[in-house]
Amino acid sequence: MEAQTSVDMFSKVLENQLLQTTKLVEERLDAEIQKMDQMDEDELELLKEKRLKALKKTQQQKQEWLSKGHGEYREIPSERDFFQEVKESKNVVCHFYRDSTFRCKILDKHLAILCKKHLETKFLKLNVEKAPFLCERLKIKIIPTLALVKDGKTQDYVAGFTDLGNTDDFSTETLEWRLGCSDIINYSGNLMEPPFQSQKKIGTNFTKLEKKTIRGKKYDSDSDDD
């Protein structure tokens with residue numbers, strides 16, 4: 001009973017916040033429309049030119065990203081390539097995988113979709129068997145693991161599926177939300193509402209990868225099939 005009451009109260013708070021946000025957006029839009037109505041031809045032409053420049057800049061940025069391998073989910077052959085790739089791009093998601101781990105194939109499917117939606121981020125995959133030095137340096141102990149690299153520095157990890165609802169059936173939107181929480185992609189949704197628990201209030205404490213030394217070349221698998 002108490003739990004239901006808490007859920008109802010939280011729902012009302014969210015509803016009020018949404019109404020307030022909607023009201024603010026409408027007020028800003030009305031102000032923009034009123035401002036445009038009061039513009040003369042010269043001001044309108046200047047605004048048009050400004051927007052065209054912004055559009056051109058956006059297109060140039062898109063072409064630059066594509067030239068660096070953004071927009072596709074690629075496998076890199078070695079750890080040496082990893083260092084070169086992260087130097088070239090501001091935001092990089094690298095999937096450390098192993099062929100025999102089933103959950104890696106699940107991640108592959110979702111990453112192949114997200115790479116086309118988020119051109120601002122580079123999406124890569126690297127076989128852990130080909131990168132022992134890098135795995136030890138980054139403390140990769142669970143397979144699969146996503147290393148989230150910003151400005152050449154690894155700032156976060158998604159180790160296994162714990163942060164994704166702890167299920168193999170998580171949605172692409174759930175992974176997108178998790179990446180958005182680390183600011184590695186431009187996420188437009190509500191970070192306070194994970195797709196897999198949209199009806200419940202949960203915290204945003206993620207399972208961080210423990211900083212432990214790898215013994216030999218063995219990795220812990222997050223897949224039950226392995």
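Glutamate 85 forms a salt bridge with arginine 74, with the closest N and O atoms 3.0 Å apart. The pair links distant parts of the chain, glutamate 85 lying in helix 3 (residues 79-88) and arginine 74 in strand 1, eleven residues apart. The model is predicted. A search of the whole structure finds eleven salt bridges.

**Salt bridges**
- Lysine 122 also forms a salt bridge with glutamate 85, the closest N and O atoms being 2.6 Å apart. Lysine 122 is in strand 3 and glutamate 85 in helix 3, so this pair ties together parts 37 residues apart in sequence.
- Glutamate 85 is buried at a relative accessible area of 12%, arginine 74 is buried at 18%, and lysine 122 counts as buried at 0%.
- Aspartate 108 of helix 4 and lysine 125 of strand 3 are 17 residues apart, and their side chains meet in a salt bridge (3.1 Å, N to O). Both residues are buried.
- Shared partners join the salt bridges of Glu72, Arg74, Glu85, Glu88 and Lys122 into one network.

**Helix 4**
- The buried residues of helix 4 (residues 102-117) include Cys104, Ile106, Asp108, Leu111 and Cys115.
- The buried residues of this helix pack against strands 1 to 5 and helix 6 (172-181).

**Strand 5**
- Six of the six residues in strand 5 (residues 145-150) are buried. Thr145, Ala147 and Val149 are on one side, and Leu146, Leu148 and Lys150 on the other.
- Strand 5 pairs in the antiparallel sense with strand 2 (residues 91-97) over six bridges, and histidine 95 has leucine 146 as its bridge partner.
- Strand 5 also pairs in the antiparallel sense with strand 6 (residues 153-159) over six bridges; the partner of alanine 147 there is tyrosine 157.
- The hairpin of strand 5 and strand 6 has two residues between the strands, and aspartate 151 takes a positive phi near 55°.

Notes:
Residues numbered from 1 in each chain as written. Predicted model: local features only at pLDDT ≥ 70, side-chain atom pairs only at ≥ 80, totals over all residues. Heavy atoms only, no water. Buried < 20%, exposed > 50% of the residue type's maximum accessible area, 1.4 Å probe, protein only. Helix = DSSP H or I, 4+ residues; strand = E, 2+ residues; numbered from the N terminus. Pairing = 2+ DSSP bridges. Contact = heavy atoms within 4.5 Å. Salt bridge = Lys/Arg side-chain N within 4 Å of Asp/Glu carboxyl O.
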